[in-house]
Every structure is written in structure tokens, then in C-alpha cells.
Amino acid sequence: MSVLRKAAAPLLHIRNSSFLTKQFPLQFSPKLLSQLRNFGSQVSCWSCGNVDGGSGIFCPKCNSLQKVDTSKNYFDILDLPLNYNVDSNALSVKFREMQSFLHPDKFSNKSQEEQDISLEWSSLLNKAYKTLLAPIKRGEYILERKGVQLPKDNSALDQMFLLEMMERNEEVDEANTDKDLRQLLVKARKELSETSEELAKAFEKSRTEDAVEIIVKMKYLISLESSIKEKSRRLGFVD
């Protein structure tokens, strides 16, 4: 038996051998498919009614793609530990692998129901990927999983920081040269990077209140960065 067929062997309980070989390339990770077969949203298959057929990604009897359990968190879906520190390269690799496997194009010759389910999978994967890729969205998502909502006002911030942000925005308004705007942009990005590291430490030590304050600060810094880039474009400078 070839190495590739040995790798595919654990998948045969998900789909029969001939279907798997025709429908999907063998280089897909057995670990990935084993992971996905735990994400079904129902006990029985929606297509054939097979008992326990809906608990996996595919029904072992009729091979139909099963509806995803949207209650699964994004970290589980992308097979990552629930941690603020995320390897962006590993995240991207996992996302591309899963999208290649579950992309709607793979189900173009299937029933309308199965095509719709594949679209739901694709949409969920896109949302999970974009959320976990962006540091601030990832932080907000972790807080959301903990049942913590960000304040709708500035109550989480001290007045000194707010005054500093006002001054920084005034600096952007007054800057009219490429050099000045680049300096402001470098400074803002440096602070964003440092603040993201602070956020990682806050999550690591379960300092939820600190995490909330840091994320709100990051929102201000991202807004500042956007203002600088927008003015650079408006004045014809290249970012």
C-alpha cells in the first residue's frame, strides 16, 4: 500500500474509498478530516435519515455533507488552541486546506441542499479566519467567549490617554509632508505592536479588565493609523 493510501485509510469510515478518491485529492490531512467529522450539527443525517449520520462532516451511509454546528468556536473549527497568540502562517495554511476541502465548487454537482450547506461552511470558515487573523478582532472574540462586552463609551480609558489621542490627531491634521506623515505612521504602528503584546500578556494572566482597556486603546490607535494613511493618500503620498 502506498504512503498516500495509508494516509487516506483512516478516512474511509467517513466516505467510501471510491467516492473519496474521485471527489477529493489524497493529500488532505487525515487529522483534518478526523477533526471535521466531529462538527456535524445533528444526530441523524438530513439526507438519508441514517442514525448518527449527522454527527460527522459527511454521512457514512450516503456521503452527504452535513450541516455545521455553528455553536463551535472559531478556534475549534480551525483546529487552534483558544489563545490570543496565534501563528498567522499556521492559521492561513489551515484555512486554505479546509476551504479547498469544503469549497462550494466541490459540490456543484450535488443537490441544492448540499450546495447550500457547503456555502454555509465556506461562509463560517471565512468569518472565523478573518476574526482570528486580526489581533483586535481576535481579542474581542475571546472576550465575547468569556461573556465580556466592550464598553460603548470611554469609561475603560483614563483621561490622559484620551487627551494624548486628541493631540495625536491634531498632529495628523497639521502634517503636510510625506516625511512627517511617515514618522507618525511608524510611531502608531510601533505602539499598536507593543499594545498587542500587552494584550497577549493580559489574556495569558487572565486579566480580563486590563484586556478590555487594552483593546479599546488599540481601537483608537487603529483609527489614528487609518487617519494617517487616508491623509497620505489624499495628498498623493505612497504608504
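Begin by selecting F237, which lies in the segment after α10 (208–234); helices here are DSSP runs of H or I with at least four residues, numbered from the N terminus. The model is predicted, so local features need pLDDT of at least 70 and side-chain atom pairs count only at pLDDT 80 or more, while totals for chains, interfaces and linings use all residues. Residues are numbered from 1 along each chain as its sequence is written, and side-chain values use heavy atoms, with hydrogens and water left out.

F237 has a relative accessible area of 24%, so it is partly exposed (buried means under 20%, exposed over 50%, partly exposed in between, with a 1.4 Å probe and protein chains only).

Next, turn to the aromatic rings. The structure holds 5 aromatic pairs (rings of Phe, Tyr and Trp, the last by its six-membered ring, with centres within 6.5 Å; planes under 30 degrees apart count as stacked, over 60 as edge-to-face and the rest as tilted). Select F95 and Y129: their ring centres are 4.2 Å apart and their planes meet at 10°, so this pair is stacked. The pair links distant parts of the chain, with F95 in helix α5 (residues 88–102) and Y129 in helix α6 (residues 112–133), 34 residues apart. F95 is buried at a relative accessible area of 12%, and Y129 is buried at 15%.

Then select Y74, F75 and Y141, which ring pairs link into a cluster.

Finally, select E167, found in helix α8 (residues 159–174).

Notes. Helix = DSSP H or I, 4+ residues; strand = E, 2+ residues; numbered from the N terminus.
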